[in-house]
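Please keep the sequence and the structure in view while reading.

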Amino acid sequence: MKLTDIDQGYSWVILFFCTINYSIVAGAMKSIGVLYTELLDYYDAGTGNTAWISGVNIFVALALAPFANFFGERYTYRAVMITGSCLILIGHTSSAFVPNIETLYFTYGIVTGTGYSLIMAPSATVMNFYFKDKRSFANGVMVGSSGFCGMGFPYLYRFLFDKFNLHGALLIIGALFFNTCAASLCLRQPPMLTKRKRIREERRESLINMSAEDRKRIVKVGLFQNQRFTVYLMAVCFQLANFGGNLVALPGQVRSLQLGKETIALSVSLVGASEIVCRIFLGWVGDLNIMKRTTILMICSLGSCLSAICIPFVLCQESLFVYAVLVALFSGSAWSLVGVIVIDCVGLNDFSPGFGLVYMGVAISTLLTQPLAGWLEDITGNWDMSFRFNGFLSAAAFILCLFEYLFGNICCNKMVSEEKSNVCKKTAFNEVVLQCTEKEKEKEKEKENTRF
């Protein structure tokens with residue numbers, strides 16, 4: 001197998017180890033609902049304030065994606081992911097010894113969140129350099145396989161909390177997640193980025209003396225001039241904010257109905273289990289070119305909106321289980337489309353900064369939605385408004401996708417018609433010039449004939 005393999009050979013090795021890293025981090029973030037309810041019972045600090053821990057954690061994990069990808073390109077993705085593994089271990093270990101919930105904002109929210117960021121974004125990025133024709137399917141496999149951890153981790157968390165209490169469980173979880181370090185050692189830098197680094201080393205640039213081009217590449221604001229990229233970035237942010245809000249609202253609703261801690265774990269686990277099928281299937285459909293990937297995102301947004309608005313009217317254990325599956329089908333599966341939509345909009349050369357910008361946008365939206373879901377419950381006394389708010393987010397994503405679909409086609413058709421009219425004008429002009437030239441030749445011939 002060669003490192004230059006595309007869609008074959010070593011590409012699948014890269015995909016395998018990226019999937020391991022991504023699945024562990026994504027599984028931990030999905031299972032945060034189980035940790036959330038445990039923190040509620042242990043610290044009794046209120047639903048909104050407790051939700052800030054998961055909000056800060058996910059915000060940091062996603063917001064630092066542009067920086068994680070930049071350092072991955074510069075110092076290799078393997079080195080960045082190994083650093084992230086160490087921070088995850090430090091974050092969980094320190095969280096096991098904190099006396100109050102405020103300290104957890106730093107230890108679990110910031111330190112652990114930074115470790116998640118240095119693993120999650122690079123894993124989702126580096127893999128795309130090794131695939132072309134099967135890129136959408138590979139993305140579906142990676143994000144879909146995270147459903148195994150999303151399915152198993154809630155039960156693992158529940159078992160560890162019951163057996164070793166909150167602080168003891170955090171110590172064990174940190175040690176287990178440190179296995180991402182071993183998986184990171186098996187990764188290799190893509191040839192395209194290796195060549196770029198070689199050119200940089202020839203210029204002998206340092207981090208302090210980095211070029212203006214590199215500084216712009218960390219957060220490449222110029223990509224927002226691409227209207228299509230900007231619209232879909234906003235749509236993805238709204239849609240995935242729905243997913244983040246449900247990670248708090250769903251277990252919170254199960255807890256408020258007093259259905260038991262095992263039911264909380266089961267509801268969160270159902271989301272992860274359903275994602276295994278939904279995400280891989282969505283990635284496979286994306287490669288078939290039956291419909292545009294952006295159209296698939298629009299359908300997912302509409303489904304998320306309708307299911308979130310309807311669930312408050314049928315609150316029971318069975319309906320919440322069905323809703324967990326719908327969250328995976330419409331909200332969670334949208335993750336498999338993010339990478340390929342970014343490439344469709346900006347190309348592979350700008351994929352790394354573009355993907356980082358999308359993650360940063362999702363981070364900001366999730367930071368607001370998760371605590372807001374808890375505060376709405378504090379204000380109203382139930383989770384109904386939290387679910388409706390999640391539905392509103394998906395409705396906004398649907399409207400943005402529809403707007404781009406309609407006006408994008410109009411602009412495209414207008415450009416095509418203008419090009420056709422320009423071609424017709426050029427053709428008509430050429431015909432006129434040709435006719436004038438022929439008339440001039442005929443006049444010259446007549447003059448010559450009259451001379452003779």
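## A residue in helix 2

E38 is found in helix 2, which covers residues 32-43. Helices here are DSSP runs of H or I with at least four residues, strands are runs of E with at least two, and both are numbered from the N terminus. The model is predicted, so local features need pLDDT of at least 70 and side-chain atom pairs count only at pLDDT 80 or more, while totals for chains, interfaces and linings use all residues. Residues are numbered from 1 along each chain as its sequence is written, and side-chain values use heavy atoms, with hydrogens and water left out.

E38 has a relative accessible area of 10%, so it is buried. Buried means under 20% relative accessible area, exposed means over 50%, and partly exposed lies in between, using a 1.4 Å probe and protein chains only. Leaving out residues up to four places away in sequence, E38 touches R158, F161, L166 and K261. A contact means heavy atoms within 4.5 Å.

## Two helix pairs

Two packed helices are described by the angle between their axes and the distance between the axes. Axes are lines fitted to C-alpha atoms, for helices over the stretch in contact, and the angles run from 0 to 180 degrees between N-to-C directions. The axes of helix 2 and helix 12 (residues 261-288) cross at roughly 150 degrees and come within 9 Å. Helix 2 and helix 12 are therefore roughly antiparallel to each other. Angles over 145 degrees count as roughly antiparallel, under 35 as roughly parallel, 65 to 115 as roughly perpendicular, and the rest as oblique. On the helix 2 side the contact involves V34, T37, E38 and D41, which meet K261, I264, A265 and V268 in helix 12. These residues divide into four nonpolar, one polar and three charged. Ala, Val, Leu, Ile, Met, Phe, Trp, Tyr, Cys and Pro count as nonpolar, Asp, Glu, Lys and Arg as charged, and the others, Gly among them, as polar.

Helix 5 (residues 77-95) and helix 7 (residues 135-177) pack at about 170 degrees, with their axes 8 Å apart. Helix 5 and helix 7 are therefore roughly antiparallel as well. I88, L89, H92, T93 and S95 in helix 5 meet H167, L170, L171, I173, G174, A175 and F177 in helix 7. The contact of helix 5 with helix 7 divides into seven nonpolar, five polar and no charged residues.

## Positive phi values

N165 lies in helix 7, and its phi is near 60 degrees, a positive value in a residue other than glycine. With a relative accessible area of 45%, N165 is partly exposed.

Q258 sits in the loop between helix 11 (227-256) and helix 12. Phi of Q258 is near 55 degrees, also positive in a residue other than glycine. Q258 is exposed, with a relative accessible area of 73%.

## The whole protein

How many helices and strands does the protein have? Its secondary structure comes to 17 helices and zero strands. One of them is helix 3 (residues 47-63).

Across the protein, buried residues make up 55% of the 452 residues. Among contacts between residues at least 6 apart in sequence, 85% join residues at least 24 apart.

Conventions: Expected span 1.5 Å × (residues − 1).
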